[in-house]
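This briefing is meant for a reader meeting the structure for the first time. Please look over the sequence and the model before reading on.

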Amino acid sequence: MEVTPLHRSPPARLLELLTHPQISEAVCAPPSQCAGEEKRVGTRTVFVGNHSVSGTEAYVAQRFCDNRIVSSKYTLWNFLPKNLFEQFRRIANFYFLIIFLVQVTVDTPTSPVTSGLPLFFVITVTAIKQGYEDWLRHRADNEVNKSTVYIIENAKRVRKESEKIKVGDVVEVQADETFPCDLILLSSCTTDGTCYVTTASLDGESNCKIHYAVRDTIALCTAESIDTLRAAIECEQPQPDLYKKMNQISLVHYQPRINHCGPRFVGRINIYSNSLEAVARSLGPENLLLKGATLKNTEKIYGVAVYTGMETKMALNYQGKSQKRSAVEKSINAFLIVYLFILLTKAAVCTTLKYVWQSTPYNDEPWYNQKTQKERETLKVLKMFTDFLSFMVLFNFIIPVSMYVTVEMQKFLGSFFISWDKDFYDEEINEGALVNTSDLNEELGQVDYVFTDKTGTLTENSMEFIECCIDGHKYKGVTQEVDGLSQTDGPLTYFDKADKNREELFLRALCLCHTVEIKTNDAVDGATESAELTYISSSPDEIALVKGAKKYGFTFLGNRNGHMRVENQRKEIEEYELLHTLNFDAVRRRMSVIVKTQEGDILLFCKGADSAVFPRVQNHEIELTKVHVERNAMDGYRTLCVAFKEIAPDDYERINRQLIEAKMALQDREEKMEKVFDDIETNMNLIGATAVEDKLQDQAAETIEALHAAGLKVWVLTGDKMETAKSTCYACRLFQTNTELLELTTKTIEESERKEDRLHELLIEYRKKLLHEFPKSTRSLKKAWTEHQEYGLIIDGSTLSLILNSSQDSSSNNYKSIFLQICMKCTAVLCCRMAPLQKAQNLCFILPQFLYQFFCGFSQQPLYDAAYLTMYNICFTSLPILAYSLLEQHINIDTLTSDPRLYMKISGNAMLQLGPFLYWTFLAAFEGTVFFFGTYFLFQTASLEENGKVYGNWTFGTIVFTVLVFTVTLKLALDTRFWTWINHFVIWGSLAFYVFFSFFWGGIIWPFLKQQRMYFVFAQMLSSVSTWLAIILLIFISLFPEILLIVLKNVRRRSARRNLSCRRASDSLSARPSVRPLLLRTFSDESNVL
């Protein structure tokens, strides 16, 4: 299965996911095929315990992958080439590599060291950072691979490392241990062969899920007995599908969570014995224990390894090795291309002007610089190309090679800040935030869309039984009496309450139609009437319904030897043989059980969403219950309908045969079972409905409101009934009282005979309304949310399917694009710090070098010394910007949390848009011009020293460079508002280091350097008072626009504070309620009492 990363806009990506084609399934072929099954490919056969199933044949070991998990990207052998390849994919790194090679091969004005050393520094630092992160992954892998497990070999428990597990090994797992590989459950310490599992590390679900052992191996509960098992498992090859039906996303389908959809798996086990034929049993997701899940509430289990190592479903779904590119890095790459174009333009202009200058013979070959014979014979085109490359080398520092290392270090060190954040610390599990990769840290400040489930995210996923209705009569409240009065919901009800037999039938259905298991808190096997019962299920809804039945006198006592035990209102124990369970799935949206009473009657009990049950019951039974269901949904309750039917013995024989054949199929098992289920669950009789409440999480409404204020669009995806989801969305403030709701639901399009035409009309109407209300700009749109009418979209699953699968002959073949436009304009949809542009100042670094060429005859003479070129990005300016990016807080945390709207100022990659980029570019061009011409005017004086000596070109360049370093650093100091000792140290320390290095490089501190061209230049420069004044003046002129902007901002900020204070005083007098109450109850407090 292809897993595509979410790099596109979320609405577009959601549409792409929704239209993803069905993935074909690879299934396996057994040694003896079932009747009617064709030969299959992509199979594996696993021998349990790695024993031959035949005593006369020797076991031949099969070749499967080992159980090692590898999440790391590099090895000791491929680290260097692979890391270098990844780094040179970056534009700046590849560019400097080319420049370095040009400097090595062509006679250029600067030394190769000026490009090679910074490039080596960047590559080395980045490699160390990425190598460290990968070492952490290696360490985590070793913790898993070297963990202790117990394998059953020769009837003994053998201690091994996890990585040594082989496919076919029988593994013992004890309580609270994690499954080391994908296992088929063979037996457990419980008599019924069940175990309880949590999959929080896989899907975030913290509730227990029940798994079942193979019926014929339940009794094999010891190492000795399990070693006697001779069996072969036939199953499909490893598949990445973590859960079945992954390509089917239900958006506001009417589907409460009745049961957990298990991992997608089909297989069959053939059990062999000495005297009997092989017994074949079907295997499904209820038998598969996934690697990474944890055993809970069960002492121990035995399971056989079917998928190991990188073939486990968890490993196949792991997508962490690919290198991620953030939006910031993509923007930087785009801007670097702009600077590369500027560089090429500069080089081309200078090359052209050089040959224009040399068109005069005196300028081409002056008396002091005669050409050699070789130079005269060189082709002019070749000489022009060489000069073009030389100018590129001269101006190459317009591309900031150290920017990437600054960004990399900011991400790397920033990840530690996330780990150290006390607000992310969870006291219950004694853990803080874990940063697996630092590549996308800044993306935390660029979120535009939040997709959330309702149950367990907005709500607590802790269900409470509220009420029910039986034949249209409402029952609510708890009492010990048997009799009572009822309130009638329907218009034509003549009885005060439902018939007693119907009440008991309804409560029996609640006690039998579920997958709840019992955990007893005493030492007695099984559940008794006096034992304290603890219900366990993968679905809190089911527990709530069983507890609801218990309130009214019917208590589920658990399963014993395939029989479900119920205590009725008369304290009598009723036993029902569980014949079949028709499990819940997202397509059917219902579940059923077939049971046999003590009298021999066969009954089917079914519960599910109203839209899944109503079409399968008698029409005249629907109306009374439908009123109750709709009112409960408007109150925000989760509703289920309950139905039953009697099955004749002859019909059951046929049903039983069809179910067994479908369960044993390895190919298209799910489709075959769905067809059989569909045939069985027909012509039922509706009994009633239930209402369950799932309370909102603490601070859920405040969180949604803050996200909305920050300009984030929240999409709620839920399987609840639309009215239930809508009510919950009002309660959690996804929809405000003034939000205009746009509905695309079954009800709104059923008014027309041709649904597609009506759907097209609504889409066009909604799009016109939204486009008229809001501007096209996304950033203006966010601002407009607080100034214009708010819109919310509600869409259900069937309408969404109609949009995505519209007929080819329809005139509305652009449904998807219209729907996408509507979604992006809505503030809410119910589907039922980043790093600044840090190195734009490199332009003001290289612009004086470009201007200098107009005064040196385009001779490619460097303005700056090679040491300054090399050290500028590495030492003089790197640490201040790194400290700034890590520590700066333009706005304190209290203000940020109190006003989420501030998030909109940086969202959408706002700091790296064209506007800020052009601002920084023009500001750099202004400063570079000031640096060069300010120094140039200073040099108009014939002598700058008292002894009459005249400064040379290296002094000129050093003055420009000094003004540059101080201006860039002081500019950052002006922008810093949150000062720490680290900021002081790196800012003033960088300036002090520049002065120290200049004295050192000038031979003052280190006399051995007196032979080079910069000897005593810096010291002699500072001996002139005119130079001091010029440097100070030029720094001030360069910083003046920034200082003026800061003053204007402060004036504006004070004015805004005064206005805010006045507005708050006004709002306190006439504040609107911030929470919209739930819809008023339509029922009175009276209720039926059973």
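This is a predicted model: local features need pLDDT of at least 70, side-chain atom pairs count only at pLDDT 80 or more; totals for chains, interfaces and linings use all residues.

How many contacts beyond four places in sequence does the model have for residues 479-495, where pLDDT stays under 50? For residues 479-495 the model has 43 such contacts.

**Confidence**
- Across the chain the mean pLDDT is 76, with 79% of the residues reaching 70 or more.
- Residues 244-261 have pLDDT below 50, and this stretch has 94 contacts in the model beyond near neighbours in sequence.

**The sheet and its edges**
- Six strands, in the order E3-E2-E4-E13-E5-E11, make up an open sheet of 6 strands with antiparallel pairing.
- The edges are held by strand E3 (156-161) and strand E11 (288-289), and because each has a single partner strand, one side of each is left without a neighbour in the sheet.

**Pairing of E2 and E4**
- Strand E2 (residues 148-153) runs antiparallel to strand E4 (residues 170-174), and the two are joined by 3 bridges.
- Within E4, the residue that stands opposite Ile152 is Val170.

**Strand E5 and its partners**
- Strand E5, which spans residues 182-188, is mostly covered, as 7 of its 7 residues are buried.
- Towards strand E13 (residues 300-307), E5 runs antiparallel and is joined by 6 bridges, and Leu185 stands opposite Gly303 in E13.
- Towards E11, E5 is also antiparallel and is joined by 2 bridges, with Leu288 in E11 as the bridge partner of Ile184.

Conventions: Residues are numbered from 1 along each chain as its sequence is written. Side-chain values use heavy atoms; hydrogens and water are left out. pLDDT is the predictor's confidence in each residue, from 0 to 100. Contact means heavy atoms within 4.5 Å. Two strands pair if DSSP finds at least two bridges between them. Helices (H or I, at least four residues) and strands (E, at least two) are DSSP runs, numbered from the N terminus. Buried means under 20% relative accessible area, exposed over 50%, partly exposed in between (1.4 Å probe, protein chains only).
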